[in-house]
Amino acid sequence: MDYSLKEIKLNRVKTLFLKISLALWVCLLPLCMQAQRAGFTARVMKNHPSKPGYWLLEGNSQIVSKGNIVYSDKAEYNVATESCEAYGNLRIITKDKVKITGRILNYNGQTQLFDVIDNVVLVDGSVTMKTQRLLFDSKNNIATYNTPAEMTDKETVLTSKRGQYYGRTRTFQCRQDVIIVSPDYTIWSDTMNYKEGFAQFYGPTNMETDDYFMYCEDGFYNKNTEKVSLKNNAYIQTNEQILFGDSIYYNLASKYGNVHRNVRMIDTLRDLVVKSEYAENNEQKGTAYFTKNVRTTMVEKKRDTLFLVSDTLKVRYDTSRQVQQLFAYNKVKFYRADLQGLCDSLSYDALDSVLYLHKKPLVWAQEYQIKGDTIRVWFKNQKPNSLLVNENSFMVSNPPNSDFFNQIKGKRVRGFFDEEGLLKTIFVEGNAESIYYVQEEKTHDLIGINKSQSRNLRMDLKDQQVSGINLVDPEKNAMYPQEMLNEKEIRLKGFVWLIEKRPYSKYDLNKNW
């Protein structure tokens with residue numbers, strides 16, 4: 001194919017232009033890449049007069065180093081190390097889009113470490129941090145502060161004197177006088193890690209919500225699930241109760257939790273203290289459940305105290321957290337100065353001040369041992385007021401300095417106490433039987449043994465001694481000399497004397513209170 005001379009010349013010019021363009025691109029490519037990696041601009045740019053390789057920048061200064069951009073009014077820039085000092089309208093945008101402002105900056109381009117001084121503000125998404133000095137590692141997106149700082153994350157404000165912020169995980173590691181303030185809670189701690197509503201505690205920590213005050217030395221709170229874990233000298237407190245334990249796990253939303261080891265609940269309204277090794281508290285159901293070495297103390301107006309041990313204890317309370325009832329199960333024993341007992345299960349109605357004993361109950365009041373199928377004791381002014389023994393009732397007394405036993409039994413026994421809490425009257429209803437040792441009033445010499453059977457019986461006591469017996473529809477009533485009756489005849493059917501089981505102090509119930 002033939003080409004004209006003009007076309008040939010034109011093609012040669014095009015070829016030459018392409019070769020020159022390619023050569024220029026090859027030469028300028030490293031410079032372009034270098035410009036993307038590092039560079040600077042300003043209204044006024046001049047070489048530093050005494051520092052070779054340094055540039056002085058003034059007016060709308062912009063420095064780019066490894067993806068980080070620094071804006072300022074003035075700067076001193078080292079081209080070799082990509083380091084700078086900058087101040088005046090200082091703004092920093094890191095390669096991870098973290099924004100930092102302050103008054104003075106010292107930046108090391110080799111380590112990519114920003115040292116920002118005076119009125120420092122860091123913004124990372126919803127997180128804002130304010131402090132007086134901040135070291136920011138842009139290579140790892142980590143901010144370190146050793147001056148008091150305030151961090152805001154949405155509605156939560158976190159303050160501390162020292163710590164770090166890990167931008168890639170949005171995690172704070174705070175130390176010394178750490179405080180979180182949120183609309184729903186406030187936390188004071190020595191050391192804490194915090195991330196998006198999850199606070200991990202290390203060291204002495206207090207936490208307060210609308211309903212609770214809490215303390216621990218290790219644990220966490222998850223705002224998203226409203227669950228809290230408290231360990232080491234831990235407790236959780238309301239206006240009415242304090243719950244202690246080695247470990248407390250609580251759901252503040254459902255108001256349910258459990259406590260492990262060295263459990264102690266103090267009810268300030270009832271002067272009630274319960275100790276155990278495990279507990280559960282369900283505020284929505286109004287119940288607290290204790291098991292493993294349960295010890296219960298209930299103080300009545302700082303005067304009369306009930307000590308109780310059992311395998312299990314259940315406390316029922318109302319919506320105002322006021323205790324209504326106690327239920328004790330298995331191997332139940334209790335001690336009061338004026339009343340002691342044991343049974344298989346026990347309940348106490350705090351509103352009516354009534355004590356119920358079920359399943360093989362046994363009670364001691366002064367010198368009287370009382371047993372039956374069930375026993376109920378009413379209290380008034382914190383003292384025993386009356387009692388009722390239902391079915392197979394049996395009362396035995398062993399007068400001081402004697403080796404004999406007064407006995408009464410029947411279908412039902414009612415007892416009434418005086419104002420000091422001492423038995424004063426006993427009524428036996430249905431199939432009443434008695435064996436009573438009659439003594440001379442002054443010398444206490446034995447006169448004889450009175451045995452009776454009747455429909456009902458009334459026994460009056462004075463100074464804890466029998467002062468009179470009245471029989472209703474007696475079937476048998478006779479006095480016998482002691483020598484006329486054998487061992488079987490001086491015992492009513494069903495007689496047992498279990499004085500070895502009687503507790504004489506709280507330490508007879510449990511050595512550890």
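Predicted model: local features only at pLDDT ≥ 70, side-chain atom pairs only at ≥ 80, totals over all residues.
Entry: I then picked out some of them.

**Entry: Lys-51 and Glu-76.** I checked this pair and found a salt bridge between the two side chains, 2.9 Å from N to O. The pair joins distant parts of the chain, 25 residues apart. Lys-51 sits in the loop between β2 (44-47) and β3 (54-65). Glu-76 belongs to strand β4 (residues 68-78). Lys-51 is partly exposed, at 33% relative accessibility. Glu-76 has a relative accessible area of 16%, so I noted it as buried; the cut-off for buried is under 20%.

**Entry: Glu-429 and Arg-414.** Here the closest N and O atoms of the salt bridge are 3.0 Å apart. I traced where each partner lies. Glu-429 is in strand β31 (residues 423-439), and Arg-414 is in strand β30 (residues 406-417). Glu-429 is partly exposed, with a relative accessible area of 25%. Arg-414 is partly exposed too, at 31%.

**Entry: Arg-458 and Asp-460.** I found another salt bridge here, with 3.0 Å between the closest N and O atoms. Arg-458 counts as partly exposed, at 34% relative accessibility. Asp-460 comes out at 18%, so it counts as buried.

**Entry: a network.** Which residues does Arg-321 join in a network of salt bridges? I found Glu-240 and Glu-283 linked with Arg-321.

Technical notes. Residues numbered from 1 in each chain as written. Heavy atoms only, no water. Salt bridge = Lys/Arg side-chain N within 4 Å of Asp/Glu carboxyl O. Helix = DSSP H or I, 4+ residues; strand = E, 2+ residues; numbered from the N terminus. Buried < 20%, exposed > 50% of the residue type's maximum accessible area, 1.4 Å probe, protein only.
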